[in-house]
Structures are given as structure tokens and as C-alpha cells.
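Load the model and keep both chains in view.

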There are 2 protein chains.
Amino acid sequence: MGNPRWACLILGWIAALPCPAAPGPTTEQVLAASTADEWVEIPPEHLLLVELASGRALVELAPQFAPEHVANLRRLARQHYFDGLAVVRVQDNYVVQWGDPDAADPARRRSLGKARERLPAEFDRAVDGLPFEALLDPDPYAAQTGFTLGFPVGRDAEHTRTWLLHCYGALGAGRDAPADSSNAAELYVVIGHAPRHLDRNVTLLGRVIEGMEHLATLPRGEGPMGFYRERSRQVPVLRVRIAADLPEAERPRRARLDTHSRSFRLLIEARRHRREPWFAHPVGHVEACNVPIPVRALDTR
Amino acid sequence: MGNPRWACLILGWIAALPCPAAPGPTTEQVLAASTADEWVEIPPEHLLLVELASGRALVELAPQFAPEHVANLRRLARQHYFDGLAVVRVQDNYVVQWGDPDAADPARRRSLGKARERLPAEFDRAVDGLPFEALLDPDPYAAQTGFTLGFPVGRDAEHTRTWLLHCYGALGAGRDAPADSSNAAELYVVIGHAPRHLDRNVTLLGRVIEGMEHLATLPRGEGPMGFYRERSRQVPVLRVRIAADLPEAERPRRARLDTHSRSFRLLIEARRHRREPWFAHPVGHVEACNVPIPVRALDTR
């Protein structure tokens, strides 16, 4: 190698030592210098609108990781299944969860219509030929972490399996004890420190790319696990739609930085070595959940 | 060693492999079996009350890590410095910050009275004889992590320096560019995923042990870095007090599990190996910010 910085990065990976910052741009400079072809528009089939009484969140779906759950969620959204349901649980430093408040009552629960009742667990998948932008720093939970197609991911030590990470904003499908008991009719979003112990224990199917504040500021539930005790405190879900199902004039359009572009690699380095003059300690490390995946609005909708 | 579980833990530390769960209690069982002498009452000199218009948060202060900042904060609280000031910044997935909205205006800013204007940086300290409950799992940012006297901490590879971690709920002293520009008159609390790149870059002086929801649900600021643009949106700080300064009948009393007790060590293992039947994947790892430090109310105040 003959490169002392690379030697330090490798030793640093083992011993968690900070390495001197390579000369390079800050986050702001990386974004300013990024080129148009490094930004990918999120296809309208992958863009979910979640409209709550508190405001709208946009989600990028991950059919590459959870094809069955995303397909079922599309069926549910197309049937307007979620409209008029509610946020039933908000647990501080954990999750916001919405679905049918009557789900446990066979007499009153809403029909899933053409959607499936149970789906196979999609906790992880084969690595196959997926692109992977690896992080060099160690991770407490996964043998390796990095980014695949716009999402923070983990990989096992054998480099055969990969999975989405429970970072802030991750969208998951609530389940009961059986691994195949989720169907995307009950959904949750992480609103606190990454509960990474849930990785590979539940199906993740996307991540919030806009409007997290409308979820994270909801009043916490006073019951066990943050469930609201009173129905009157539940927050109404106004509607949930796939952007592709909306008239074109109503579709929001968003692009995100390609996680397999040169600018994204520079962004990782900018987050690892904080070059802003405020930083007194070189840092020299970064974890997957602390690398922002930049998103741009292509319109004002 | 001759113990396959220990061998796995050591190999797992290097390769981030999950190890089979040792038989042992769940979090709930650990807490139920803990003994009275494993709970330590937080001294009233270390207990800070932060009363916002949205509700009250309690903070355990860390004079062992930031003696100068804690002493100055006591002076400020005793002078009622914070009463009538405001939360000026709420940045989603980052921090809530309160202080004097007129701090930048020498003509209008509130006097610090007997408190000091500048304090030495207390970013880290010597390990000395501090107790340390170490975590075995690797960490992206620190050579070693664990717990000292009720706080999640990092240590360097040489085992000479230690520092508080920016976990959810950490209380820090805002500063400008110079390392010695903080004085505890401008305070922030982490309300999102741990911004661990701030470790050793800013003085932490405590952590919120109750009432995080009154901070984390505040409306996000619409300005750069989450500052409120309009004064009318700032959230009033009603009062900030050290419990010891209140009449005894008004002091809340709280205890936390001793982080150097047998039960806390069992709790770490319970969080590492999630033994609740819901978990399909053994996990086998944990990070410092995902180990809760249990707190009990000794009264209803």
C-alpha cells in the first residue's frame, strides 16, 4: 500500500483509533460540487405519502429488500385502507406506530381487501449482485455496514446476507410473535436512537426522507410501550398513498444523492473527518446511522 | 479458558459475530430481582429540575466529568438565571437548546451575575481510579465504551482518558468556536440518534433521567440548524433549579440502578442477548447508548 493514511484506516478499524483527516471537502462543499447525474429521482412507485393530522411524511420504499411487504403496502394504499385509521402508539426514543385501532377485534377490524393477511418474513436477503458502499469503521451489531441503493445496510461476516438498518426514520412492519405475522397494515417509524437489536428481527420496507418532524413530535402514549390509553388521544391518519397512484399534477417529486456516486463517497469522508473549524477533536470515525442521505425536492408539492 | 461462550465473545468482539445467548434473565426479570442496596439515590446537589412550558425534565448532573460546568450551572440556577429565558433551537434528530435569546446582544443580554463567563473545556478527563463497567462489543467511535457512575462513557486505546457519550438525553454546554467558550448558560439535550461525532468536542455535564418527552416533542425550528425564526415560537423556560436548593418538601427524589452492581451487569447481558420470545435473531451485541440506565421515583414529586 505504502500509504500511511490507508495503513491508519486499517489499523484504526481494528483498534478504533482516529486517523488524521485527509484533506477534503466538508458536507456543504460536497453537496455544492455534486453533479446532476449523481442525483436519482425516486420513482413514483417507490414514493409513499403518509398524511397525518400533524403533517405529511414522505417515505422511500425498498422493494429490493422487502418485495412482498412493499407489494402488499401498495395494495393497501390503493384500497385507501389506511384512511381514517390512527397512530396508536408513540414510545419516546423508540417508535411511532399506526394502523387499525380495532385490529384485535375480529368483529370490528377493517378488511384487508385484496391485500394478504400474512407475508413471509423479509428480515434479510441474499447479497447477490447488489451494489455496496462499505464503511470502514467497526459497528457494534453487524460484521459490516454501508449503503445499498439509498439505504443504510448491514452485512454478515460471510458476505452472503444483507439487511436494512433500524436508523432514525426507518419504516418497519409491526409483527406479533410468529416471524411471518406482519402484512404492512401495521407500520412503525423509528423516532429515537437506532434500536439496532431489531435488525433482522422485523421487516423494514423503507425510510422517511421528509417530514420526520410530524412523526417525532407526536405526544407520547401514556400506556405500556407507548400505546395511547384513550382513543381520543390517537392521531388520525388522513390518507396514505403511493405517489404513482396520484394524478401526475399532484405527485411530489424528490431526488436523492446516489449512494454509489463519487459525491456520496466524499460525503462519507466529510462526515468521518469533520473538517468544519468548530471541531476540536478530529473524530476520524462514522457510523452508518450518522451519515445523512441527502434528498432534494424537484418541485414544491 | 476452555469456555466456548467466552471464546465466542472474544472472537465476536473482533469479527462482530453474534454469540449464543447465555441462559439468563430478561431486563424485566433483572429489575424485579435487583436488591435495594443496588439502587443509589441521586444526591439533591446532582439533581437538576428543568421546567419548561411543555413540562418538567429531571437531569442527573455529572460533576465527576465536568466539575467547573456543574459548579457554574449551580451558580446560575441559584441566581434564577434561566427563569423566563427560552428554548431557542429544536433541530430534528439532533438537539433541543435553551438559553438567553438576547445572548448575542451585549446591551440586552442577561447578566451572568456571580457565574463565570468562560470555563475551561471539560471534554474528557483522566481515567484515574474511576470505576468502569466495560462493554465487550466494538464501537464505531471509541476504543472502548462502558459505564462509569451512572453514565455511558468512552475510553481511549491507551486507557488514560475517559468522556461522557452523546447518547439520547445527554446534556451539553453549547459553545462557540473557541474550546473554552462555554459556561453552561446555553444548554442542549440530544433528542435523536446519538451524534457521537460531538464526543470530546463539547462539554457534557449530565443526562436527562425523566421527562425527555417534554423536550423531544417540541416543535422543530424552521430556521437554519433548527433555530426558531420567530420569537413567538420559542418555548418559555419557567425555572431551572438544583433540587438541593428547594425546600426539602418540594424536592423530587430519584434513585438509579448502580452501574457497578451485579444487577446492572446482568442487565447489560439481557440487552445484549434479547431473551424475550419475540426475538427471532439472537442479536448477541449491544451498544452503550442502547443500554437503559434504570431510574426509580422515590416519591411522587
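A cavity here is a set of points, on a 1 Å grid over the protein atoms alone, where a 1.4 Å probe fits but cannot get out; lining residues have an atom within 4 Å of a point. Grid points are joined across faces, edges and corners, and a volume is the space filled by probe spheres set on the points. This is a predicted model: local features need pLDDT of at least 70, side-chain atom pairs count only at pLDDT 80 or more, and totals for chains, interfaces and linings use all residues. Residues are numbered from 1 along each chain as its sequence is written, chains are lettered from A in the order in which they are written, and side-chain values use heavy atoms, without hydrogens or water.

The whole structure holds four cavities of 30 Å³ or more. Nonpolar covers Ala, Val, Leu, Ile, Met, Phe, Trp, Tyr, Cys and Pro; charged covers Asp, Glu, Lys and Arg; the others, Gly among them, are polar.

The second largest cavity has a volume of about 50 Å³. Among its lining residues are B:Phe65, B:Glu122, B:Trp163 and B:Arg200. Six of the lining residues are nonpolar, three are charged and none is polar.

Now the chains. Chain B superposes on chain A by a rotation of 180° with 0.0 Å of shift along the axis, at an RMSD of 0.0 Å (least squares on C-alpha atoms of residues with pLDDT of at least 70 in both copies). The two copies are therefore related as by a two-fold rotation axis. Both use the same surface: 98% of the contact residues of chain B recur in chain A. Contact means heavy atoms within 4.5 Å.

Chain B gives 50 residues to the contact and chain A gives 49. About 3,900 Å² is buried between them, 59% of it from carbon and sulfur atoms. Buried area is the accessible area (1.4 Å probe) lost on putting the two parts together, summed over both.

Notes
1 Å grid on protein atoms, 1.4 Å probe; cavity = no way out; pocket = protein on both sides within 12 Å on 5 of 7 lines; lining within 4 Å.
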